[in-house]
2 protein chains.
Amino acid sequence: MIRAVLLDLLGVVYDGDVQIAGAAAAMERLRGTGLPLRFVSNTTRSSRDAIIAQLAGLGIEVEDEELQTPARAAVKWLRKHGRRPHLLVHPDLEVEFSGVEGGSDKAVVVGDAGEAFDYASLNRAFRELIAGADFLALATNRTFKDADGLLSLDTGAFVAALEFASGRSPVVLGKPSPEFFHSALAGLNCPPADAVMVGDDAESDVAGALRAGLGAALLVRTGKYRAGDETRFDPAPTAVVDDLAAATDWIISRAAA
Amino acid sequence: MIRAVLLDLLGVVYDGDVQIAGAAAAMERLRGTGLPLRFVSNTTRSSRDAIIAQLAGLGIEVEDEELQTPARAAVKWLRKHGRRPHLLVHPDLEVEFSGVEGGSDKAVVVGDAGEAFDYASLNRAFRELIAGADFLALATNRTFKDADGLLSLDTGAFVAALEFASGRSPVVLGKPSPEFFHSALAGLNCPPADAVMVGDDAESDVAGALRAGLGAALLVRTGKYRAGDETRFDPAPTAVVDDLAAATDWIISRAAA
């Protein structure tokens with residue numbers, strides 16, 4: 001029986017600036033079940049406020065406490081360890097780190113910097129790493145579906161570049177980190193085994209959620225999904241469904257509420 | 001007994017624009033032995049002509065046939081397979097590919113593009129790869145010693161990024177490809193087991209040469225060398241020496257000529 005629902009955003013609820021057909025209506029039906037919802041997004045090109053505003057523009061209301069982002073997890077990590085961030089992130093995400101001071105020891109924080117990824121910025125981050133800075137990856141996704149409909153390079157590619165050159169391994173803060181999924185469920189009084197995850201990334205969303213102990217993970221055929229993704233990573237999805245509307249049917253038929 | 005000598009350039013003969021102390025004099029002594037010399041450089045920020053001119057400026061005369069570069073190996077590959085190059089290389093290297101037409105099928109060629117590595121150019125290369133283009137890496141070096149004396153990101157980091165995101169593996173044309181070492185020895189009537197390699201990269205120069213069957217590989221403590229490099233990769237160097245002058249002593253005492 002399902003007692004909580006975790007949803008990815010980009011590729012599940014919207015693509016670029018448009019709603020994926022039927023997503024807002026499906027969200028309404030999910031809300032109607034009374035099941036608690038959490039949004040677990042690895043998108044790091046926008047601030048939390050921008051994500052919430054974008055969803056509102058699509059007719060989807062999301063409370064601040066319902067949105068779990070890697071940047072928030074990173075800020076928590078930096079405060080706990082007393083590290084000063086060396087940011088290699090999108091300019092629109094920098095605001096999330098504005099209150100973090102830290103000490104003299106640094107941590108390199110890598111997000112999806114987009115056009116801000118260039119040789120000079122990558123080399124500065126690399127030099128911090130070999131000088132001993134900690135290494136935080138907001139995500140390790142390989143690709144995302146870009147506004148033009150084609151796949152584009154995501155954070156994971158640049159994390160892999162820094163990892164290869166420095167010989168250092170990152171602490172991963174977003175999906176597929178088990179802590180990220182568990183943290184999203186915190187306060188819901190729902191063990192991971194009673195939660196379901198819905199995403200378009202067979203590796204980070206689906207295999208990641210199942211490795212984190214979630215009871216089920218659904219792969220949708222929207223967003224970055226490409227034929228064959230369901231067999232590419234281990235564990236395989238609990239089910240593959242057309243879109244969020246079909247995922248909602250699947251969830252409602254198994255809901256504890 | 002040694003019958004041929006392969007030398008790396010950057011970090012062995014010169015650093016940035018200056019000779020490494022004693023390198024030109026050591027080269028003179030090596031020339032005096034009569035052993036054939038070949039220069040096997042993974043540097044892909046300069047054209048062949050620029051490399052030869054730079055060496056001449058340091059008082060070191062090198063014949064065209066003595067210089068083996070990944071770009072030359074790539075051109076050979078492109079012609080053999082009839083592929084049109086999609087270049088992700090330094091602007092100064094593009095001239096090396098000017099005569100290559102190829103057919104409609106493409107091959108992405110990745111070199112040390114330096115400042116020309118940016119999100120847009122990497123993403124274009126990534127999209128060619130997932131659309132089916134072949135994948136050629138001029139080198140896979142992790143780092144090089146930059147003009148300011150610090151390590152900087154080398155080609156391998158960007159190859160790793162593209163490999164991670166695309167799921168494709170490159171054909172490696174420079175060191176440590178065994179074909180690259182063997183090709184440098186072509187026409188010398190010297191089996192690999194009778195040749196020695198001298199380099200500052202414990203992985204690409206030294207372990208690579210030994211895996212290619214060379215009889216010996218010397219690691220110099222100049223260039224990018226950092227304490228402990230000699231134990232980091234397998235196979236370990238035949239010997240670790242201070243610089244090219246010390247490597248020359250080692251070679252002369254074992255020369256067949």
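**Two packed helices in chain B**

Tutor: In this predicted model, helix α4 (residues 119-130) of chain B packs against helix α5 (residues 155-166) of chain B at an angle of about 45°, and their axes are 10 Å apart. The crossing of α4(B) and α5(B) is right-handed.

Now the residues at the contact. From α4(B) come B:Leu122, B:Ala125, B:Phe126, B:Leu129 and B:Ile130. They meet B:Phe158, B:Ala161, B:Leu162, B:Ala165 and B:Ser166 in α5(B). Sorted by class, this contact has 9 nonpolar residues, 1 polar residue and no charged residues. In soluble globular proteins, nonpolar side chains tend to be buried together.

B:Ala161 belongs to the largest nonpolar core, which has 165 residues, and is among the six that touch the most other members; the others are A:Val110, A:Ala161, A:Val196, B:Val110 and B:Val196. Leaving aside residues up to four places away in sequence, B:Ala161 touches B:Leu122 as well as A:Ala157, A:Phe158, A:Ala160 and A:Ala161.

That leads to the contact between the chains. Chain B gives 24 residues to it and chain A gives 24 residues. On the side of chain B that touches chain A, α4, β10 (151-153) and α5 of chain B each supply at least two residues. By class, that side of chain B has 15 nonpolar, 5 polar and 4 charged residues.

Terms used. Residues numbered from 1 in each chain as written. Chains lettered and ligands numbered in written order. Predicted model: local features only at pLDDT ≥ 70, side-chain atom pairs only at ≥ 80, totals over all residues. Axes fitted to C-alpha atoms, helices over the stretch in contact; angles between N-to-C directions. Helix = DSSP H or I, 4+ residues; strand = E, 2+ residues; numbered from the N terminus. Left-handed = near helix turned anticlockwise from the far one by under 90°. Contact = placed C-beta atoms within 7 Å. Nonpolar A, V, L, I, M, F, W, Y, C, P; charged D, E, K, R; others polar. Core = buried A, V, L, I, M, F, W, Y, C linked by C-beta atoms within 7 Å. Buried ≥ 20, exposed ≤ 12 C-beta atoms within 10 Å, placed from the backbone.
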